[in-house]
Amino acid sequence: MKYNVLLLGSGGREHALAWKIARSPLLGEFYALPGNPGINALAKGVGGSAGDFDTVRRTVVDKHIDMVVCGPEDPLAGGLKDYLLSCPDVPSDLLFVGPGKDGARLEGSKDFAKEFMSRHGIPTAAYRTFSADHADEAKAFLRTLRPPYVIKADGLAAGKGVVISGTLEEADASLEDIFGGRFGTAGTKVVIEEYLDGVEVSFFVLTDGHRWLMLPEAKDYKRIGDGDTGPNTGGMGSVSPVPFCTPGFVQKVCDRIIGPTVRGLESEGIDYRGFIFFGLMNCGGDPYVIEYNVRMGDPETESVMPRIASDLLQHMAAAAKGDLSGEKIEYSPQAAVTAIVVSGGYPGKYGKGYPISGLEDMDGLTVFSAGTGLKDGRTVTSGGRVLAVTAVGDSLMHAREAVYSKIGNIRFEGAFHRSDIALDMINWKDNG
């Protein structure tokens, strides 16, 4: 069977998913809503927003869509899957890759996620949740912890709802800032938790609600500057594989975190079919959950997709049907490195609409569009994170060398990228 697929989203993650989906012999017609110039070179772009449920519904019906793949988290948290499957004009056998509103609470509410982990014995940092009218209690709890202090907006904040403060004074100010509306309604409640000292790593599974396939792991780089300095961003690069993810560590992740999570969802009657992203901290060889996401990560997806050797579309169809028992995922032995080219001023204020040149000089690399648009037939910047440049090689070193041999060819007003992506992992055996 061939599947007519609708991919929702417009970023680098979605371009990487489109790049992988387009390689499947099972693909029929391919649409993206809204897509971007890179995605729409692979799929037919549909105007509108992934958050406009009626537009999504009409597209599903008009284009005879068999499978919806939702890239971003907001439509999932808003209940898009539940909406579509309740519409009388939407075929009852529509395949949807992503959880319903109940499962999306894993990402949509930090408090729900922490309580879920507590119920199912999943290792995570100690925490408490506070609402704005209990700010004094929140400040008192901060004084029971050792610095640095971790404060998280409870709701969705586009990946920027976590503040780490080095002093009590900074933590108090951050708390007041969040309760004062810094993250809008996402910050009406906060989760304060102990700081976990370790190295972050991202694990991903595709689950049918009972079984799961583990995708290649990845590590991302969140801060704007070399050496992990400066403010947090949506991600400045990623690598896969991650050297410290030994078979022993991976087994701990499966036994202590992934298995209990999938079984926990099943035991609570949550029919979860889609991706789960586990943001983990490796603390001296033991994994702890920092956060769940209910979709693939960005920019990790841009390093993960090139390392999947089997047919992702086939795997997604099986997961959405509720039966992964016949599926076996295959990895490429090669390594992948991704570096992000961002707009000048990001993650603060930045300009848009700058023409991009040099994309024709990237032979041997894969360039994913993250924040681009078209103006008078030319590709221009339209976001903070503009392009994701990915290379694969026999090692992280070779992949890194390939990225940095050509990333400088990409030019636009204010273009910037980190120069140290992957170095820490290449040198891991020396400093680990």
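The largest nonpolar core of this predicted model has 71 residues, where a nonpolar core is a set of buried Ala, Val, Leu, Ile, Met, Phe, Trp, Tyr and Cys residues joined through side-chain atoms within 4.5 Å. Buried here stands for under 20% relative accessible area, exposed for over 50%, and partly exposed for what lies in between, with a 1.4 Å probe and protein chains only. The residues with the most contacts inside this core are Leu6, Leu8, Val68, Phe203, Phe278 and Tyr292. Its largest share, eight residues, comes from helix α9. Helices (H or I, at least four residues) and strands (E, at least two) are DSSP runs, numbered from the N terminus. Apart from this core lies another one, of 44 residues, and Phe30, Ile224, Val304 and Met316 are among them.

A word on the ground rules. This is a predicted model, in which local features need pLDDT of at least 70 and side-chain atom pairs count only at pLDDT 80 or more, while totals for chains, interfaces and linings use all residues. Residues are numbered from 1 along each chain as its sequence is written, and side-chain values use heavy atoms, with hydrogens and water left out.

Let's start with valine 68. Not counting residues up to four places away in sequence, valine 68 touches Leu6, Leu8, Val60, Leu84, Leu94, Leu95, Phe96 and Val97, contact being heavy atoms within 4.5 Å. Leaving aside neighbours within four places in sequence, valine 60 is in contact with Leu6, Ile65, Val68, Val90 and Leu94.

Next, have a look at asparagine 4, which belongs to strand β1 (residues 3-9). Asparagine 4 is buried too, at a relative accessible area of 17%. Its side chain reaches the backbone nitrogen of glutamate 29 at 2.8 Å. With neighbours within four places in sequence set aside, asparagine 4 is in contact with Gly28, Glu29, Lys63, His64, Ile65, Asp66 and Met67.

Now for the rings. A search of the whole structure turns up 11 aromatic pairs; rings of Phe, Tyr and Trp (its six-membered ring) pair if their centres lie within 6.5 Å, and planes under 30 degrees apart count as stacked, over 60 as edge-to-face and the rest as tilted. Phenylalanine 203 and phenylalanine 249 make a tilted pair, 6.3 Å centre to centre with 55° between the planes. This pair links distant parts of the chain, 46 residues apart: phenylalanine 203 is in strand β10 (residues 199-207) and phenylalanine 249 in helix α9 (residues 247-267). Phenylalanine 203 is buried at 1% relative accessible area, and phenylalanine 249 counts as buried at 4%. Elsewhere, Phe112, Phe116, Phe278 and Tyr292 form one aromatic cluster.

Last stop: strand β22 (residues 385-393), which is mostly covered, with eight of its nine residues buried. Two strands pair if DSSP finds at least two bridges between them. Strand β18 (residues 335-342) runs antiparallel to β22 and is joined to it by eight bridges; here valine 342 stands opposite arginine 385. Strand β19 (residues 366-369) is also antiparallel to β22, with four bridges joining them, and the bridge partner of threonine 366 in β22 is threonine 390.

Methods:
Polar contact = N/O pair within 3.5 Å; in protein donor to acceptor, adjacent residues only side chain to side chain.
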